[in-house]
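User: I'd like to learn how to read a few features off a model. Can we go through one together?

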Amino acid sequence: MQVIKVTAIESGSPAKVVMIIQRVVLNSRPGKNGVPVAENFRMETVTLPDKLTDGQVRARTLYLSVDPYMRCRMNEDTGSDYLLPWQLSEVADGGGIGIVEESKHANLSKGDIVTSFNWPWQTKIILDGRLLQKLDPQLVDGHLSYFLGAAGITGLTAFLGIKEKGHVTPGSNQTMVVSGAAGSCGSLAGQIGRLEGCSRVVGICGTDEKCSILVSEMGFDAAINYKKENVAEQLHEFCPAGVDVYFDNVGGDISDEVIKQMNHNSHIILCGQISQYNKDIAYPPPLSPSIEEIQKARNITRERFLVLNYMDKHEASILQLCHWIKEGKLKVKETVAKGLENVGEAFQSMMTGGNIGKQIVLISE
């Protein structure tokens, strides 16, 4: 979307340059038990200050990320101590990437590619340079959007979740199941599970197309379409030795079926619970009594995983992910929407499984 400079001339005063930009704000809340829709967001035209103060950076937005955790930010209370709610009629924010157009920060220059976990949903932004991280495009062979997915927080969640909570041991013939397997995190988790040493990887997703991609392109041994197939029967067929590691992106009934087939001393990596995000319940949602009884009887670990608790391992992990991507060992899928005006629709689609791989919004090139 084009950014326009408008010159406003006031009587008796010098010409004043104003920068006009577009932004997306939270228009309404869906309610804790409601389903988010594109109309929960609103696009506005506003002005940016023409001059920067010391330490500030102005950047043009290239890519924005929409992610399941944002559903919590649409509520007045996110239910989390590390996520702040979006405010009504205020600009939304999340993972973003941009190119520096002007800088008064000592370590950032015009042309630098930068990112932030709290990038405003605007065509251009002015931020304190200390809130921005400089990126090296060569790490991803110029695929900048990868820094929001496979080479960013999504990849870190999959990689560190498996490393820290999966207890994968090469050569031990472990079977991993991934729910939400065709999503941004799940599609990476299955591949990383294989790279880390799992001998069998099975994905669960919601369309035949997604199942096909998981097996033919992502290296999964099998995939289950939970909307058409009997998950319990398919798991029994595809995981004859039971399940040792479960990367849980969805929660709910699907996870209950997986847990029923998990082995003694197995491990659940509790990444997300997207099936529960539109419900006013605690996170992580408690298991039903019968499933909890299975978990305890079989000594199945089920611990909440938060990637932000492993900041000291982020740099080395990103380098490993980028190395795998360059080698072709880690395949990256993206669903790309174009234009800031479509960010709300992209979010709604992602929350209902409309994406394959990472959902990205291209703002400018």
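User: Let's start with F41: is F41 buried or exposed?

Analyst: Buried means under 20% relative accessible area, exposed means over 50%, and partly exposed is in between (1.4 Å probe, protein chains only). F41 has a relative accessible area of 9%, so F41 is buried. Keep in mind that this is a predicted model: local features need pLDDT of at least 70, side-chain atom pairs count only at pLDDT 80 or more, while totals for chains, interfaces and linings use all residues. Residues are numbered from 1 along each chain as its sequence is written, and side-chain values use heavy atoms, with hydrogens and water left out.

User: What is the mean pLDDT of the protein chain?

Analyst: pLDDT is the predictor's confidence in each residue, from 0 to 100. Here the chain averages 91, and 92% of its residues reach 70 or more. Over residues 1-13, though, pLDDT is below 50, and this stretch has 26 contacts in the model beyond near neighbours in sequence; contact means heavy atoms within 4.5 Å. Residues 274-281 also stay under 50, with 31 contacts beyond four places in sequence. Where pLDDT is low, the predicted coordinates should not be read in detail.

User: Back to the rings. How many aromatic pairs does the structure hold?

Analyst: Rings of Phe, Tyr and Trp (its six-membered ring) pair if their centres lie within 6.5 Å; planes under 30 degrees apart count as stacked, over 60 as edge-to-face and the rest as tilted. The structure holds seven such pairs. One of them joins F41 and F347, edge-to-face, at 5.9 Å centre to centre with 80 degrees between the planes. F41 sits in strand β3 (residues 41-48) and F347 in helix α9 (residues 343-351), so the pair ties together parts 306 residues apart in sequence. Those element names come from DSSP runs, numbered from the N terminus: helices are H or I with at least four residues, strands are E with at least two. F347 is buried too, at 0% relative accessible area. F41, W86, W121 and F347 form one aromatic cluster.

User: Now a helix. Which residues in α8 are buried?

Analyst: They are H314, S317, I318, L321, C322, W324 and I325. To see how they're arranged, look down the axis: the arc is that of the directions from the helix axis to the C-beta atoms. The buried residues of α8 fall within an arc of 160 degrees, so they line one face of the helix. The face turned away from that buried side carries the exposed residues E315 and A316. What covers the buried residues includes α2 (153-166) and α3 (184-196).

User: And what should the 14 residues of α8 span?

Analyst: The expected span of a helix is 1.5 Å times one less than its number of residues. For α8 (residues 314-327) that gives 20 Å, and the end C-alpha atoms are 20 Å apart, which agrees. After α8 comes G328, with a positive phi near 85 degrees.

User: Where does H105 lie?

Analyst: H105 is in the loop between β5 (93-103) and β6 (113-120). At 17% relative accessibility, H105 counts as buried. Leaving aside neighbours within four places in sequence, H105 is in contact with G55, Q56, V57, G129 and R130. Its side chain also reaches the backbone nitrogen of N107 at 3.1 Å.

User: Which phi value does H167 have?

Analyst: Phi of H167 is near 55 degrees, positive in a residue other than glycine. H167 lies in the loop between α2 and β9 (175-179) and, at 45% relative accessibility, counts as partly exposed.

Conventions. Polar contact = N/O pair within 3.5 Å; in protein donor to acceptor, adjacent residues only side chain to side chain.
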